[in-house]
Amino acid sequence: MAVIGGGIAGLAAATALAERGVAVTLYEKRPYLGGRVGGWPTQLSDGTPVTMSRGFHAFFRQYYNLRGLLRRTDPGLERLTGLPDYPLRHAGGLHDSFRHVPRTPPLSALGFVALSPSFRLPDLRAMNPMAALPLLDVRVPEVYDRLDGTSAQALLDAVRFPESARHLAFEVFSRSFFADPRELSAAEMALMFHIYFLGSAEGLLFDVPRAPFPAALWDPLADYLTRHHADVRTGTSVEHVAPARGGALVVASDRDERPYDGVVLALDSAGLRTLVERCGQLGDAAWRERIGRLRTAPPFLVTRLWLDRPVAPDRPGFLGTSGFGGLDNISVLERYEDQAARWSARTGGSVVELHAYAVPAGAARDVEQKRLLGQLHRVYPETRTATVLDSRHEWHEDCPLFPVGGYRDRPTVRTPHPRLVLAGDQVRTGLPVALMERAATSGFLAANALLRRWGVRGQTLWTVPDRGRSAILRLLAARC
């Protein structure tokens, strides 16, 4: 079998196949694994070797299948560490926290409203409870029938959520998709609400890797795959895939050309579009047209700064922000990552990372980078006097966009060719999963689809419930 793409989805598919004795070749065009959660070596101006990445990722505790993948090499998940809170700060002065919110549904949602300063009594009285009822019983995939034709912004408008709560809390969900809430499907936001508040008991607390992504996650998994006789080919670009006689598929890379009994395309939206466009014999015309319509979210920026002095000792490892221009969050890496902690201990400085999602297309990059630094100075004033010893600015535009009304057009794991399957966070799974967990789940589903053809049992999957957990809330939602 060939797995094309070495991100989370491709690694999950390759793992499930290799564990069951399948001869797997994993192709990844980059020199590293992990996709959008990968990392690569670079050197600071003082000669220090460090690992750069595309930025902070939260490993939420509802990511059952992704965490199961990581347990292959880390059974106790000891290479992850939990951050004590998910703090949020608005430029208007409001602060929110999920640390003390109850984690048992529905107390989780009620507790957040009761404890959050962004929900004031007059605001609650002005809300439209009938419009909010669909959030109480999110069913998958039915939620897409109900809400995919509505934007996240329009849903919040209908519910009449207070502006403060909208910016401080619910935009966290929409911007997790790197999208403006006016363009994001309300079904995706409702699904996130279900996953974190009413569908699970883990809440919004999360873990992060103790070391850079390659050392903590992907290098051990690559060794695991090699021990299971997989051929891991990083730095290898696949140029073409075509059906052959007998149902096989021929994969042509920049190294060689080989036939396979099955192929997993585990690519991002842009990569999948490009490959399918070159492969006119794959699938049928209607399927190829659907792939061609896949869209990507707006550009985003990750800025990492090595400062000559520390940020204040009470600064959290991660802070979500709202109202600070394009700044969406700030991470202080030495609070949790060993490589940054060693640099900080040696120099007395701090390693700070800034994220800006959904940057307007055509924005001047140098201007946006300066603005982001200016917003850091607003949020953490002690950084105004810090000297930037080194910096990295990562610009990317390859995350999937889930636009209003786009669900039915998104591809599924199965394709018109019985031995060709898809995986990735843009793929419809029919399960209540999102983001990195959708990528891992789709990878396992793709492997399972191929294994089923040969009567081999695949990977067991776990998710939050595919509907509201509370019978009372389901009855209330039914009134909508």
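**Notebook: a predicted protein chain**

I began with Leu 435 and found this residue in helix 15, which covers residues 435–453. Helices here are DSSP runs of H or I with at least four residues, strands are runs of E with at least two, and both are numbered from the N terminus. I note that the model is predicted, that local features need pLDDT of at least 70 and side-chain atom pairs pLDDT 80 or more, and that totals for chains, interfaces and linings use all residues. Residues are numbered from 1 along each chain as its sequence is written, and side-chain values use heavy atoms, with hydrogens and water left out.

**Entry 1**

Phi of Leu 435 is near 55°, which is a positive value in a residue other than glycine. I recorded this because most residues other than glycine have a negative phi. Is Leu 435 buried or exposed? Its relative accessibility is 18%, so Leu 435 counts as buried. The cut-offs are under 20% relative accessible area for buried and over 50% for exposed, with partly exposed in between (1.4 Å probe, protein chains only).

I then turned to Ala 358, whose phi is near 50° and likewise positive in a non-glycine residue. Ala 358 sits in the loop between strand 18 and helix 14 (365–379). With a relative accessibility of 19%, Ala 358 counts as buried.

I also looked up a peptide bond. The bond from Val 140 to Pro 141 is cis, with omega near 10°. I noted it because most peptide bonds are trans. Pro 141 belongs to the loop that links helix 5 (129–132) and helix 6 (142–147).

How many of the residues of strand 15 (residues 300–307) are buried? I found that eight of its eight residues are buried, and the strand is mostly covered. Phe 300, Val 302, Arg 304 and Trp 306 point one way from strand 15, while Leu 301, Thr 303, Leu 305 and Leu 307 point the other way.

I checked pairing next; two strands pair if DSSP finds at least two bridges between them. Strand 15 runs antiparallel to strand 19 (residues 388–396), and eight bridges join them. Opposite Leu 305, I found Ser 391 of strand 19. Strand 15 is also antiparallel to strand 18 (residues 350–356), to which seven bridges join it. Arg 304 has Glu 353 as its bridge partner in strand 18.

**Entry 1: a residue in strand 17**

Ser 331 lies in strand 17 (residues 329–332) and is buried, with a relative accessible area of 0%. Contact means heavy atoms within 4.5 Å.

I looked up an open sheet of three strands and found the order 5-9-6, with antiparallel pairing. Its edge strands are strand 5 (59–60) and strand 6 (80–82), each of which pairs on one side only. Strand 6 is joined to strand 9 (residues 206–209) by three bridges, and Leu 80 stands opposite Pro 209 there.

Strand 1 (residues 2–4) gave another sense of pairing: it is parallel to strand 2, over three bridges. Val 3 has Leu 26 of strand 2 as its bridge partner. From strand 2 (residues 25–28), Thr 25 and Tyr 27 point one way and Leu 26 and Glu 28 the other way, and all are buried.

Ala 270 is part of helix 11 (residues 269–278). I found Ala 270 partly exposed, with a relative accessible area of 23%. From Ala 270 to Ser 118 I noted 38 Å in space, C-alpha to C-alpha, and 152 residues in sequence.

**Entry 2: the whole chain**

The protein chain has 16 helices and 20 strands. Its radius of gyration is 22 Å, close to the 23 Å that the globule rule gives for 480 residues, so the chain is as compact as a globular protein of that length. The radius is taken over C-alpha atoms, and the rule is 2.2 Å times the number of residues to the power 0.38. The C-alpha atoms fill a box of roughly 70 × 65 × 45 Å along the principal axes. I noted that 60% of the 480 residues count as buried. Among contacts between residues at least 6 apart in sequence, 72% join residues at least 24 apart.
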